[in-house]
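Visitor: I would like to learn how to read the features of a model like this one. Could you walk me through it?

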Amino acid sequence: MKNKAPKLSITRINCIIVMLSVVLCCFVSGCGKKEGYVTKQFFAMDTWMEIQLPESCDDKDLELYFNDVEAIVRKLEACFSVTSTASDLYKLNNDINENVTLDSKELLDILKEGEYLEDLTDGAFCDKLYVISKEWGFTTGNYKVPDKAWLDAEILEIQDIMDDSNTDISVDINESSVIRPVGTCFDLGGIAKGYATDKIVDYLADKGINSAIVNLGGNIYAFGDKQGKEDRFVVGITDPFDNTLLGTVMVKDMAVVTSGNYERYFELDGERYHHIIDSTTGYPADNGLVSVTIISEDASYADGLSTALFVMGLDEAITFWENNRNSFDAILITENNEIYYTEGLLDNFVMTEKPYTCKLVK
Ligand code: ADP
Ligand code: MG
């Protein structure tokens, strides 16, 4: 079981950081050029996004592609926003009927994906925690620690809805409508960027592009060959303890998505409260992990699983990987400075010099 990941010398780190400039980007707005790629950044879904396309593309085409990609994201944002009163999701969350017909195919689609992930992860992924996230202030910025009795009651209700044997209060997503108990409020924050990434990748493939980096607020997709050569992209993994470079993975046609407790949080009376909620307690997940990176061909799946495995904690997350090992790889970092990485990363996860224990999961 135990294994040490190969370590890098400082000179090699520098070298990798140079290569990494493809993916580790300083977010300035507008367009720019970088090592064979033209980049465009924009702010959407509450985060910076960056798209890199080959500079060998025709200038006119590039402009069209960048505009279309931004339009894809903005359309999904307008549909999935949990706070904008004009969004399709807002209308669903506030509809007083049990059976709601939806115009948005994308909303039905992502809700189906959410139900799939919820079943697969036994409720660790739960897209019905909006009322709870809101009470904590994660959607408004008015942070507070909710009343425990209130949280317990809410979680009980949500668990009842998730329990498939409770057929009279379950969630049913059909071709054009959603049936759910009135008051069920969905929050797609755990999967929306992954879903948007998949849509962008489909679009780029459709346009015949053979190389791109899609980076939606750290949800990265390395598409095709690096600069059209037979080369994988090098993607940096952040050290959750100090925000420096922890290591790299080399990937092609893969999403690399990280969830961590250091990304969005507030502090009160010396306690830190982060935004990934344990669906069994209503409190921020506190199961020993500080960061989970998922590497998978499917960006929505990777996004959903990074959130879910963070909630599960180390042991459950490893068991989950063992049962689903063909669909993803993972890097799990514990609060005790241990790094666990799964077998598929054996030849392509490289650690920087760090005083952490590194274990291969087989
Ligand atoms: P980020 O969006 O910061 O990259 P994640 O992908 O892990 O991080 O998603 C966290 C978001 O997912 C939260 O802000 C919230 O909207 C939603 N969320 C919180 N807890 C859960 C959960 N247990 N299952 C699914 N979604 C969750
Ligand atoms: Mg996620």
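**Strands, helices and a ligand**

Guide: Strand S4 and strand S6 (residues 177–179) are paired in the antiparallel sense over 3 bridges. Strands pair if DSSP finds at least two bridges between them, and the element names come from DSSP runs numbered from the N terminus, with helices being H or I of at least four residues and strands E of at least two. This is a predicted model, where local features need pLDDT of at least 70, side-chain atom pairs count only at pLDDT 80 or more, and totals for chains, interfaces and linings use all residues. Residues are numbered from 1 along each chain as its sequence is written, while chains are lettered from A and ligands numbered from 1 in the order in which they are written.

Visitor: Which residue stands opposite Ser177 in S6?

Guide: Strands of a sheet pair through backbone hydrogen bonds, either parallel or antiparallel. Here Thr101 stands opposite Ser177. The open sheet has 3 strands in the order S4-S6-S5, with antiparallel pairing. Strand S4 (99–101) and strand S5 (172–173) are its edge strands, each pairing on one side only.

Visitor: What is the order of the strands in the open sheet that contains S9?

Guide: That sheet has 3 strands in the order S9-S10-S17, and the pairing is antiparallel. Strand S9 (233–238) and strand S17 (349–351) each have a single partner strand, so one side of each is left without a neighbour in the sheet. On average, neighbouring strands of this sheet are turned by 25° against each other, direction ignored. For such angles, axes are lines fitted to C-alpha atoms, for helices over the stretch in contact, and angles run from 0 to 180 degrees between N-to-C directions.

Visitor: How many bridges join S9 to S10?

Guide: There are 6 bridges between S9 and strand S10 (residues 245–251), which run antiparallel. Ile237 stands opposite Gly247 in S10, and Gly236 has Thr248 as its bridge partner.

Visitor: Which way do the residues of S9 point?

Guide: In a regular strand the side chains alternate between the two faces of the sheet. In S9, Phe233, Val235 and Ile237 point one way and Val234, Gly236 and Thr238 the other way, and all are buried. A residue is buried if 20 or more other C-beta atoms lie within 10 Å of its own, exposed if 12 or fewer, and partly exposed in between, with C-beta atoms placed from the backbone.

Visitor: Where does S7 have its partners, and is it buried or exposed?

Guide: Strand S7 (residues 211–216) has 6 of its 6 residues buried, so it is largely enclosed by the rest of the structure. Ser211, Ile213 and Asn215 point one way from S7, with Ala212, Val214 and Leu216 pointing the other way. Strand S3 (residues 47–54) is joined to S7 by 4 bridges, antiparallel, and Met49 stands opposite Leu216. S7 also pairs with strand S8 (residues 219–224) in the antiparallel sense over 6 bridges; there, Ser211 has Gly224 as its bridge partner.

Visitor: Which residues take a positive phi?

Guide: Most residues other than glycine have a negative phi, and most peptide bonds are trans. In the hairpin of S7 and S8, with 2 residues between them, Gly217 in the turn has a positive phi of about 55°. Met45, not a glycine, has a positive phi of about 50°. Met45 lies in the loop between strand S2 (37–44) and S3 and is buried, with 20 other C-beta atoms within 10 Å. Asp269 has a positive phi near 45°. Its loop is between strand S12 (265–268) and strand S13 (271–274), and Asp269 is exposed, with 5 other C-beta atoms within 10 Å.

Visitor: Which residues of helix H9 are buried?

Guide: In helix H9 (residues 314–323), Leu314, Ala317, Phe320 and Trp321 are buried. They cover an arc of only 125° around the axis, which puts them on the same side of H9; the arc is that of the directions from the helix axis to the C-beta atoms. The face turned away from this buried side carries the exposed residues Asp315, Thr319, Glu322 and Asn323.

Visitor: How many residues surround ligand 1?

Guide: There are 20, and the closest are Gly189, Gly190, Ser259, Ile277 and Thr307. A residue is near a molecule if its C-beta atom, placed from the backbone, lies within 6 Å of it. Helix H8 (residues 299–312) gives the largest share of the shell, 4 residues.
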